[in-house]
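Could you walk me through the side-chain contacts in this protein? I'd like the rings, the charges and the strands, in plain terms.

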Amino acid sequence: MRGNLETAFLNPNDIAITESAAKRLFGDEDPIGKTITSESNHHGGERTITAILKDVPRNSTLGFGEIDYFSTGGFTSEGAKYAWEDWIPTDGWRPVNTYFLLREGADSKGLAAKFPELIDRYMGAEIARTNAYHLQPLKRIYLYSRKDYNLDWYSGDIDHIYQFGAIAVLVLAIGCINFANLTTAQSARRAHEVGLRKVSGAYRSQLMGQFLGESVLTAMVALILALVAVKLVLPEFNAFFFKQIELNLLSDPLLVISLIGIAILVGIFAGVYPAFFLSAYEPTETLKGAFRAGSRGQWIRKGLVVVQFAISIILIASTGVIYQQLDYIKNKRLGFNTEQMVLMRIFVFDQNTESDQRLAARYATVKEAFRAHPNVLEVTAYRWDLGWGGGIIRTIRAEGHEGTDWRMPLLEVDEDYLDVFQIGLVEGRKFDPIAFPTDTSRAFIINETAVARLGWDDPIGKSFEWVDRERNRKGTVVGVVRDFHYSPLHEKIGPVALTLRHQQFYNLGARVKAEGMEETLAFFEETWKRFAPADQPFEYLMWDQQFEHLYSTERRVQALTLLSSGMAILLACMGLFGLAAFTVEQRVKEIGVRKVLGASVSNIVILVCRTFAIMVLIANLFAWPVVYFAMRNWLAGFAYRTDLSWWIFVLSGAVALAIALFTVSFHALRAAVSNPVEALRHE
């Protein structure tokens with residue numbers, strides 16, 4: 001790095017940037033001492049560059065483009081002061097992360113055990129009663145935060161790694177089974193070679209080593225082809241999954257060793273049975289011509305086919321369950337109406353200014369401006385988008401529960417919010433700051449679940465208090481609304497409170513007519529330019545797009561499972577195609593005799609297909625229980641979920657059976673229409 005870290009952050013507006021940021025902003029000039037302007041909700045303003053840091057790897061949890069540090073001696077904005085000093089221990093917002101560098105051999109559990117005492121000593125008994133702090137290793141933050149502490153804002157999830165890894169193993173297993181099946185089925189081609197080598201003095205272990213070596217060599221060649229394919233599809237993969245994965249073998253020797261190790265293991269796994277099978281031939285049988293290819297190990301081959309199609313059925317059925325759940329989510333009544341809603345984050349650009357100077361302070365004027373077009377039906381201003389689980393968890397004190405703190409999200413909304421989103425009012429009234437001026441500071445609306453949790457029979461007029469660090473915002477409950485899904489369907493509806501507080505508005509929502517959408521959006525863009533900063537382009541989202549973002553992980557899982565199912569079916573069909581060809585070849589004389597005795601084409605086709613159909617039907621018996629337990633576990637991650645429909649299991653089995661019969665029927669028809677004279681002339 002350049003600069004001195006000990007003196008880099010002496011002033012509130014000092015900043016350190018990375019080498020790549022310095023190159024992008026200043027080229028070859030020395031950036032130390034230069035000033036840049038930072039745009040941020042809480043940390044916007046002019047900054048003086050005091051240090052240049054080395055770039056952090058893309059896959060680091062600590063990845064950044066720049067680092068701000070604000071000393072306690074002063075702050076450049078009200079937003080920065082609030083983020084660093086005025087965070088409220090009784091709230092759920094934690095804008096600052098704290099990292100510990102422990103001494104070598106330090107007891108992290110012993111340190112964490114001292115936290116309650118430290119909180120009580122420095123923050124007070126009340127905070128100690130409602131707050132807890134934990135230590136989490138840096139390496140676990142990205143993949144394990146949801147698993148460890150149910151933190152959803154980290155993009156990684158180890159459960160998805162397990163899911164995708166399991167799918168990869170299943171598809172790989174099908175490929176290995178294909179190799180083993182086709183190698184043993186065509187064993188006659190190498191039987192004579194085995195006999196000659198044994199007569200010449202070769203040991204069985206030597207023959208097994210040869211066959212395993214051939215299998216491993218095949219796997220190594222496949223690894224090279226796979227790396228080429230990955231290199232080609234990786235850009236599309238990254239774009240679809242919003243990742244920045246790079247395949248750079250030169251900079252990651254551990255990855256190279258791992259891939260080679262996997263290829264060797266796959267080669268051994270795929271080749272161990274053929275090696276054992278082929279090396280067991282007796283030279284007396286193979287050299288005198290008494291050996292019949294395919295007569296050995298046919299039950300094992302059939303068992304492997306059953307396993308292949310069981311895996312394929314598992315993947316097909318899993319795709320069906322995922323699709324059914326997503327369709328259930330999309331069509332479930334959420335307790336609010338989002339049809340033809342245009343969402344715009346117009347109030348977020350000046351969050352670093354004083355609250356009474358923000359655009360949100362003029363939200364009524366902004367609403368009227370956007371409502372002026374005849375295609376606009378309704379407009380509302382609010383902070384958090386519905387469905388995302390937004391709303392900072394607040395500490396609430398309620399009448400009849402003195403001495404007890406309740407925790408629930410608090411949604412900042414305007415007086416038109418309930419009407420625009422059509423959230424049903426059960427009792428009481430809506431916000432009305434004109435008729436009731438105190439609604440802007442002393443009125444709350446809660447949902448039915450909150451009423452039930454608080455045990456109130458008559459909630460209207462009950463005292464309701466939001467515990468704030470600076471002052472407690474005391475008020476009363478003026479209304480009760482029906483439960484609505486302010487969080488994703490992974491979570492059950494919990495208690496929630498709404499308050500009329502414009503200082504924290506982020507979003508503007510407008511319900512528009514379906515016709516004339518281009519004209520409406522053009523009007524919105526023109527109106528946007530009247531209020532938003534000049535350098536902020538017009539941006540909007542339709543609710544359908546919001547839904548896609550909200551459940552994008554599930555949709556990507558569905559897409560990957562569908563792709564894997566297709567690959568599994570394709571590989572299974574390739575193996576079945578080769579095995580069917582070999583089976584027909586072995587039974588060509590039997591088929592010829594049957595045709596001479598009067599068997600029809602349909603009789604021959606049924607004869608050939610029957611064995612494979614039975615194997616696929618048996619595969620269903622193994623696959624269905626696996627799908628049931630696996631998908632039941634996956635659906636358990638949703639508080640609101642569809643049922644496991646019986647037709648998905650039947651349909652997956654029927655699809656697998658139809659594909660298998662279609663694959664086999666090619667060889668069956670060819671055998672059925674062939675001339676029996678050709679098959680019997682050499683008898």
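What follows is a tour of ring pairs, salt bridges, strands and one surface patch.

## Ground rules

This is a predicted model, so to speak plainly about its limits: local features need pLDDT of at least 70, side-chain atom pairs count only at pLDDT 80 or more, and totals for chains, interfaces and linings use all residues. Residues are numbered from 1 along each chain as its sequence is written, and side-chain values use heavy atoms, with hydrogens and water left out.

## Aromatic pairs

A pair of aromatic rings is described by the distance of the centres and the angle of the planes. Here rings of Phe, Tyr and Trp (its six-membered ring) pair if their centres lie within 6.5 Å; planes under 30 degrees apart count as stacked, over 60 as edge-to-face and the rest as tilted. Searching the whole structure turns up 15 aromatic pairs. One of them is Tyr 363 with Phe 505, an edge-to-face pair with 5.2 Å between centres and 90° between planes. This pair links distant parts of the chain, 142 residues apart: Tyr 363 is in helix 13 (residues 363-371), and Phe 505 is in the loop between strand 13 (497-500) and strand 14 (507-512). Helices (H or I, at least four residues) and strands (E, at least two) are DSSP runs, numbered from the N terminus. Both Tyr 363 and Phe 505 are buried, where buried means under 20% relative accessible area, exposed means over 50%, and partly exposed is in between (1.4 Å probe, protein chains only).

Phe 444 and Phe 464 make a tilted pair, 5.0 Å centre to centre with 55° between the planes. Phe 444 belongs to strand 10 (residues 443-447) and Phe 464 to strand 11 (residues 463-466), so this pair ties together parts that are 20 residues apart in sequence. Phe 444 counts as buried at 1% relative accessibility, and Phe 464 counts as buried at 0%. Elsewhere, Phe 349, Trp 528, Phe 538 and Tyr 540 form one aromatic cluster.

## Lysines over a ring

Which ring does the charged end of Lys 332 sit over? That would be Tyr 640, with the charge 4.9 Å from the ring centre. Lys 492 also lies over the face of Tyr 640, at 5.4 Å from the ring centre. For a charge to sit over a ring, NZ of Lys or CZ of Arg has to be within 6 Å of the ring centre and within 35 degrees of the ring normal.

## Salt bridges

A salt bridge is a side-chain nitrogen of Lys or Arg within 4 Å of a carboxyl oxygen of Asp or Glu, and by this rule the count comes to 14. Among them, Lys 367 meets Asp 414 at 2.6 Å, N to O. The two sit 47 residues apart, with Lys 367 in helix 13 and Asp 414 in the loop between strand 8 (406-413) and helix 14 (417-420). Lys 367 is buried, with a relative accessible area of 2%, and Asp 414 is buried too, at 1%.

Arg 371 forms a salt bridge with Asp 416, the closest N and O atoms being 3.7 Å apart. Arg 371 is in helix 13 and Asp 416 is in the loop between strand 8 and helix 14, 45 residues apart. Arg 371 is partly exposed at 25% relative accessible area, and Asp 416 is partly exposed at 23%. Then there is Glu 412 with Arg 394, whose closest N and O atoms are 3.5 Å apart. Glu 412 is in strand 8 and Arg 394 in strand 7 (residues 392-398), and both residues are buried. Salt bridges that share partners join Lys 367, Glu 368, Arg 371, Asp 414 and Asp 416 into one network.

## Strands

Five of the seven residues of strand 7 are buried, so this strand is largely enclosed by the rest of the structure. Strand 7 pairs with strand 8 in the antiparallel sense over five bridges; two strands pair if DSSP finds at least two bridges between them. Arg 394 has Met 408 as its bridge partner in strand 8. Strand 7 also pairs with strand 11, again antiparallel, over three bridges, and there Ala 398 is partnered by Phe 464.

Strand 2 and strand 3 (residues 45-53) pair in the antiparallel sense over four bridges, with Ser 38 opposite Gly 45.
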